[in-house]
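Reader: I'm new to this one and would like to learn how to read it. Could you walk me through some features, one at a time?

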Number of protein chains: 2
Amino acid sequence: MIDQRLLPGEYREVSFESCTQVAEAIQRMVVRGAPAIGAAAAFGMALAAQTSPAGNSDELRADLVAAAGILQAARPTAFNLSWAVQRMLLESEGPAREDVNQLRASLLDLAQRIADDDVQINRQMATHGAGLMNAGETVIHHCNTGALATVDWGTALGVIRMAHEQGKRPHVLVDETRPRLQGSRLTAWELDQYGISYEIITDNAAGFFLSRGEVDRVFVGADRVAANGDVANKIGTYMLALAARDNQVPFFAVVPTSTVDLSVAEGAQIPIEERDPSEVLQIEAQGAPIAPAGAAARNPAFDITPHRLITGIVTENGVVYPPFELNLRQAVMESPS
Amino acid sequence: MIDQRLLPGEYREVSFESCTQVAEAIQRMVVRGAPAIGAAAAFGMALAAQTSPAGNSDELRADLVAAAGILQAARPTAFNLSWAVQRMLLESEGPAREDVNQLRASLLDLAQRIADDDVQINRQMATHGAGLMNAGETVIHHCNTGALATVDWGTALGVIRMAHEQGKRPHVLVDETRPRLQGSRLTAWELDQYGISYEIITDNAAGFFLSRGEVDRVFVGADRVAANGDVANKIGTYMLALAARDNQVPFFAVVPTSTVDLSVAEGAQIPIEERDPSEVLQIEAQGAPIAPAGAAARNPAFDITPHRLITGIVTENGVVYPPFELNLRQAVMESPS
């Protein structure tokens, strides 16, 4: 993995040798972004299988159930994490997998397939999403949803990247995305790599540019989408969606169907992770305080954007429009599981 | 003045000996907050009078006009600045002021009166505003509007302080207020002094807490209010007002009538200062970059909150409700000019 906590100051690749280390890396946000967390968790399960001393498949399955618990506890909101872990657990079941080493190999294969599929799926979403864009558009983007947040290519940022490759010359207003500054640190860094025009803004300023008529479209990713289309995404997404709606600017979430949790009827049922207050009280990777010593803080990592504020949800199976309740389920069902 | 750029890390008082130095201090935000800027500008004019070599009142008036230009150019959005400068210019006119040293003295008197009045006016607003609050309420507060932003006591924070002194035990969710972190640096520091319970949140998180039903009321200040009630205030206020409205939480601006600019029909006509991108690209007073080297940024310092999103405007002459066009004018006219 690339240690995303250090960018843009330092590019460092790190590797892990146990499931517990992977879970820690997810929890500490060495790796972040729902699809990237999903792939990391799949490899975490594969690592658990490789490092387990189990002598038969039943023992290995018991170790995998324990590993699944450790990984799923790392971050509660992103659905791709449990989606990937559940796929790996499912792979370990069934009568066809009696040889323990064959089971280990098949689990590693599946993890690799989950990772490879992610890139393919992202490119499909990017094509659908870029089809919505006209040349010369200015878009607002929240958090980081690029190659760093996925296995490669990206979700919302993948759409912008595809539009750029199609010669549409998009311009991006990059929400800095407090508290962890994924926008100014990671998205800006990616846009530099791709040669896409951008300006960083504070999250507070999105409403200003929307109200001035300077924004054509908003693209965000998602950490979990409920069956009714409510979107759990990085904190601040809800206020951004309100500002887009107040100015009649189209607002799209770009999400693989693996992020859609049909078992959750609406956003209010999605658990919201509350992270350490220190992320608010000091600035990422610098550690210098920006508040009085001893100050209290609250740090919810995500919020819920009600489906009524969402123009469309871009999936690998096409752009889904309201009624989301019906159309989202249909898009999910089109994906092979 | 207290150098507000250094808090909460360091408390340092600074003094200035020329109008130009005062203008620079306003521009660099050594002093900030619309009422504090107004008082500082009045003393800047008084300083210009004291340091002018003018031998008669006509020469002094010419120097004061030049000083007014320098001060008014420092920050374009805050109306109190030009309000105070205009009051000082008006004082210098008229046949009664022929003795140049008498004129110098009367200008210093007026600056002191503007400063003294501000404290009195703030206490009146605080009483009106605290009357809106019930015991045990949680309020969201944006930017800094306390003693640091005024001559003393504060506007929106003054309301909260009054409610606290009345034993209503308010709890404050403090918007950190990027880019300059007036919330986490200054408001939290003030609340510590007053012993008021608070938690710092990122600006992004306000919508989350509002949607969870954890907020009873929102109080903000203003830098300029148009005749129709549109409020220019610290960047992010508009999105906060949208989130309050979407959750039926009352949203109040707390503003002295000296902040109301009846010559401006609506918010779209208020000039919005755009400050240096470096404020977005690095963190206040630390200077360490939080974005790739060479990254571009935009930095509007204020936005416009349309009057349709505002429940009421608390002035020293009472709480003004819609229709603002009518009732705001009436409140302004009640103040002696």
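Author: We'll go through helices, sheets, interfaces and a few backbone details. Keep in mind that this is a predicted model.

Reader: Let's start with a helix. Which residues of helix α1 (residues 19-27) of chain A are buried?

Author: The general idea first: an α-helix has 3.6 residues a turn, so residues three or four places apart point the same way. In α1 of chain A, the buried ones are A:Cys19, A:Val22, A:Ala23, A:Ala25 and A:Ile26. They sit on the same side of α1(A) because they span an arc of only 160 degrees around the axis.

Reader: And what covers the buried residues of α1(A)?

Author: The cover includes three helices of chain A: α2 (34-51), α3 (57-72) and α4 (79-92).

Reader: On to sheets. What is the strand order in the open sheet of seven strands in chain A?

Author: Strands of a sheet pair through backbone hydrogen bonds, either parallel or antiparallel. Here the order reads β3-β2-β1-β4-β7-β10-β11 in chain A, and the pairing is mixed. At the edges you find β3 (197-201) and β11 (318-320) of chain A; each has a single partner strand, so one side of each has no neighbour in the sheet. From one strand to the next, the twist averages 25 degrees.

Reader: In which sense do β2 (residues 171-175) of chain A and β3(A) pair?

Author: Parallel, over five bridges. To find your place, look for A:Val174, which stands opposite A:Ile200 in β3(A).

Reader: What about the open sheet of four strands in chain B?

Author: That one runs β8-β5-β6-β9 in chain B, again with mixed pairing. Its edge strands are β8 (260-261) and β9 (302-305) of chain B, each pairing on one side only. Strand β5 (residues 224-226) of chain B pairs with β8(B) in the parallel sense over two bridges, and B:Ala226 has B:Asp261 as its bridge partner there. Helix α9 (residues 237-246) of chain B lies across β6 (231-234) and β9 of chain B, at about 35 degrees to β9(B).

Reader: Now interfaces. How much area is buried between chain B and chain A?

Author: The size of an interface is often given as the accessible area lost when the parts come together. Between chain B and chain A that is about 4,300 Å², with carbon and sulfur atoms giving 61%. In contacts, 54 residues of chain B meet 54 residues of chain A. On the chain B side, B:Asn204, B:Met239 and B:Arg298 lose the most area to chain A, together 18% of what that side buries.

Reader: Which domains does the assignment give for chain A?

Author: Domain 1 (19-122) and domain 2 (132-333) of chain A. About 2,100 Å² is buried between those two domains of chain A, 54% of it from carbon and sulfur atoms. A:Arg32, A:Thr77 and A:Phe79 supply 32% of the area that domain 1 of chain A buries against domain 2 of chain A, more than any other three residues.

Reader: Are A:Cys143 and B:Arg169 buried or exposed?

Author: A:Cys143 counts as buried, at 7% relative accessibility, while B:Arg169 is exposed at 70%. For cis peptide bonds, look from A:Leu7 to A:Pro8, and between A:Pro322 and A:Pro323.

Terms used:
Residues numbered from 1 in each chain as written. Chains lettered and ligands numbered in written order. Predicted model: local features only at pLDDT ≥ 70, side-chain atom pairs only at ≥ 80, totals over all residues. Heavy atoms only, no water. Pairing = 2+ DSSP bridges. Contact = heavy atoms within 4.5 Å. Axes fitted to C-alpha atoms, helices over the stretch in contact; angles between N-to-C directions. Buried < 20%, exposed > 50% of the residue type's maximum accessible area, 1.4 Å probe, protein only. Arc of directions from axis to C-beta. Domains from an automatic or database assignment. Buried area = accessible area lost by both parts, 1.4 Å probe.
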